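Okay, thanks for coming, everyone. Let me put the structure up, and then I'll walk you through a few parts of it.

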Amino acid sequence: MAVSPVQYAFSYIGVQVRGASQTVYDFTELRRRNRQLEDLVDKLMIENVRLKEIESENRNLLALLNFVEAHPSYEYSASRVIGRDPGNLLGYILIDAGRRSGVAPGMTVVTERGLVGQISDVGETSSKVLLVTDPLSAVNAVLQTSRATGMVKGKAGGQIFLDEVPQGATIELGDIVLTSGLGGTFPRGLVIGQVTEVSAQDVEMFQTATLHATVDFNKLEVVLVIISFDSDLFVD
Amino acid sequence: MPLLTVGGAKPDLVLLIVISWSLLRGTGEGVVWGFIGGLCVDLLSGGPFGASSVGMMTVGLLSGQGATNLFKGNLALPVLLVPLGTALYYALIVVVLALTGRAPALDISVTQAILPAAVINLIAMPVVYMFMRWLDRKTERQQISW
């Protein structure tokens, strides 16, 4: 009939208009949802970073806990490293445990990887730790394999070496160096480092050996201060 | 900056900033910022409190003698001053440590700390000085001369 084409035309126009308005609506809705999703991604990224930090801290603390459980005879105070000596001459760190936590000068500081150093100065809530890498540090030590004794000293620049080992004593590459406990300052058996190079000259009275410290002093975050220990007990 | 080391020594950024600022602004500001920078280092240092302040103030005082508009754009003087400034700074710290009975042996201090520090400071100085020169331009007061 004659009205059919007209009806068709109006119907067609109506469909197009509805389609266009739906497109505009969809576009606005999509932009809103996109912004929402971007905000959610930002929040999840921040949360992810926070959780990774917690995971890393958890791993460190678990390692320290394993060390504590393996040596139950000691009394410890855990503390965070809050500062480092920025110079190149001395080797010190600052920790957030002081007199209030029972810390006193001379106490041993360790991580699960081995010996860090010794408390040198104590405040109410913080203390300075003389690292084994400090040139003034000296630790009585023993080689794990040959049982030869010596003194672990620090070098400016963050290195350590074994000195005063008698000529004739055997120093093997890769041998582990432990605290000997002589003098009673440090508990016996704490790991200090591993031999990487040996220097033995006949004209010298003693041999020396360069050590690779087991502790990474650039990555210290949490340490344990040994408040008390039995000097007769061997740490294994 | 643990990635940038020479023989285990890391750049003494505070010292380099003091040397740079002294060259750019003269003795007065060099001593003041040497004191402030040294104080910040002393707060974290294991040495006697004040050792770094004394060292940096002295370096600031001497470096400021070289301040002149003629050399502001030239990197030669700052780079030349770095080994001297580093040696002087650490020498003063060793003296203070010796007075308190805590100084490492002189040969150890020189070979293990001072020499490597001088080298790494020399490497880092051009970057530090260029940044401080930019800061100097941004903050200097315009002087009107008739």
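**A helix pair in chain B**

So, start with H4(B) and H5(B): their axes come within 9 Å and cross at roughly 140 degrees. Axes here are lines fitted to C-alpha atoms, for helices over the stretch in contact, and angles run from 0 to 180 degrees between N-to-C directions. Helices (H or I, at least four residues) and strands (E, at least two) are DSSP runs, numbered from the N terminus.

Before I go on, this is a predicted model: local features need pLDDT of at least 70, side-chain atom pairs count only at pLDDT 80 or more, and totals for chains, interfaces and linings use all residues. Residues are numbered from 1 along each chain as its sequence is written, while chains are lettered from A and ligands numbered from 1 in the order in which they are written.

Back to the pair. H4(B) and H5(B) are therefore oblique to each other; under 35 degrees counts as roughly parallel, over 145 as roughly antiparallel, 65 to 115 as roughly perpendicular, and the rest as oblique. Which residues make the contact? Among them are Val82(B), Thr86(B) and Tyr90(B) of H4(B), with Ala117(B), Asn121(B) and Met125(B) of H5(B). Contact means that the C-beta atoms, placed from the backbone, lie within 7 Å. The residues of this H4(B)–H5(B) contact divide into 15 nonpolar, 3 polar and no charged.

**Where the chains meet**

Chain A and chain B each put 21 residues into their contact. On the chain B side, helix H2 (27–44), helix H4 (76–99) and helix H5 (106–139) each give two or more residues. H5(B) has the largest share, 6 residues. That side of chain B divides into 11 nonpolar, 7 polar and 3 charged.

**Over to chain A**

Chain A is divided into domain 1 (1–70) and domain 2 (79–236), with bounds from an automatic or database domain assignment. The domain centres, taken over C-alpha atoms, are 55 Å apart. The contact takes 6 residues from domain 1 of chain A and 5 from domain 2 of chain A.

Strands pair if DSSP finds at least two bridges between them. E6 (residues 138–143) and E9 (residues 176–179) of chain A are joined by 3 bridges, and Ala141(A) has Thr179(A) as its bridge partner in E9(A).

Technical notes
Contact = placed C-beta atoms within 7 Å. Nonpolar A, V, L, I, M, F, W, Y, C, P; charged D, E, K, R; others polar.
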